[in-house]
Amino acid sequence: PDAVPSMAGTGEVLARITRRAGVRYRALVPNHRGAELAVDAGVDDLQVVVSVSDTHNTRNLKMTVDDSLRQIDDIVALAARAGTPVEAILGTAFGCPYEGWIDPEQVAWLAVQLRDLGVSSLSFADTIGTATPPSITELIDVVAAEGWDPQAIALHLHNTRGTGLANLVVA
């Protein structure tokens, strides 16, 4: 039978790592239980994922964006008690295979919701590789206008259409 994805071995994996000074160890967590295991294992940071596109989020994570926000709120509260920062990865920040183009204002709205929950940094994912240099600039400008420090913003880029390096340079 296929193995069920689990974070059950998180503590063991982290216990076997030779930690290096100056390196922060992160765990991408799928839910509250994963966050508990990661925090108990001593990770430095947690990462959570939510797609800007409700259709993608529902198909990928089996929950609506609102459901994901409720789950992230719970994870951020757990992480705050442990003094562990949480970064949110926003999938489909530039485009969705189901909904097409994503309005930067929609991304900014979600970024504000996440900040209000206590997320400390963001990573915008070009999930399907549709970002262009102008869309990178526009998204960063719109999110920065909402009060996000550009130093708290990361990008996950792809080179699907040969624009990856240009997007990186603009960013």
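A salt bridge is defined here as a side-chain nitrogen of Lys or Arg within 4 Å of a carboxyl oxygen of Asp or Glu. The structure is a predicted model, in which local features need pLDDT of at least 70 and side-chain atom pairs count only at pLDDT 80 or more, whereas totals for chains, interfaces and linings use all residues. Residues are numbered from 1 along each chain as its sequence is written, and side-chain values use heavy atoms, with hydrogens and water left out.

The structure contains 7 salt bridges. One of them pairs Arg24 with Asp45, with 2.8 Å between the closest N and O atoms. Because Arg24 lies in the loop between helix H1 (10-16) and strand E1 (26-28) while Asp45 belongs to strand E2 (residues 45-51), this pair ties together parts that are 21 residues apart in sequence. Helices (H or I, at least four residues) and strands (E, at least two) are DSSP runs, numbered from the N terminus. Asp45 is buried, at 8% relative accessible area; buried denotes under 20%, exposed over 50%, and partly exposed the range in between (1.4 Å probe, protein chains only). Both Arg24 and Asp45 belong to a network of salt bridges that also links Arg26 and Glu87.

Salt bridges were also found within helices. In helix H2 (residues 32-40), Glu36 and Arg33 are 3 residues apart, a separation of about one helical turn, and their closest N and O atoms lie 3.3 Å apart. Glu36 is partly exposed at 24% relative accessibility, as is Arg33 at 48%. In helix H4 (residues 65-82), Arg70 and Asp67 are likewise 3 residues apart, and the closest N and O atoms of their salt bridge are separated by 2.3 Å. Arg70 is exposed, at 54% relative accessibility, whereas Asp67 is partly exposed, at 30%.
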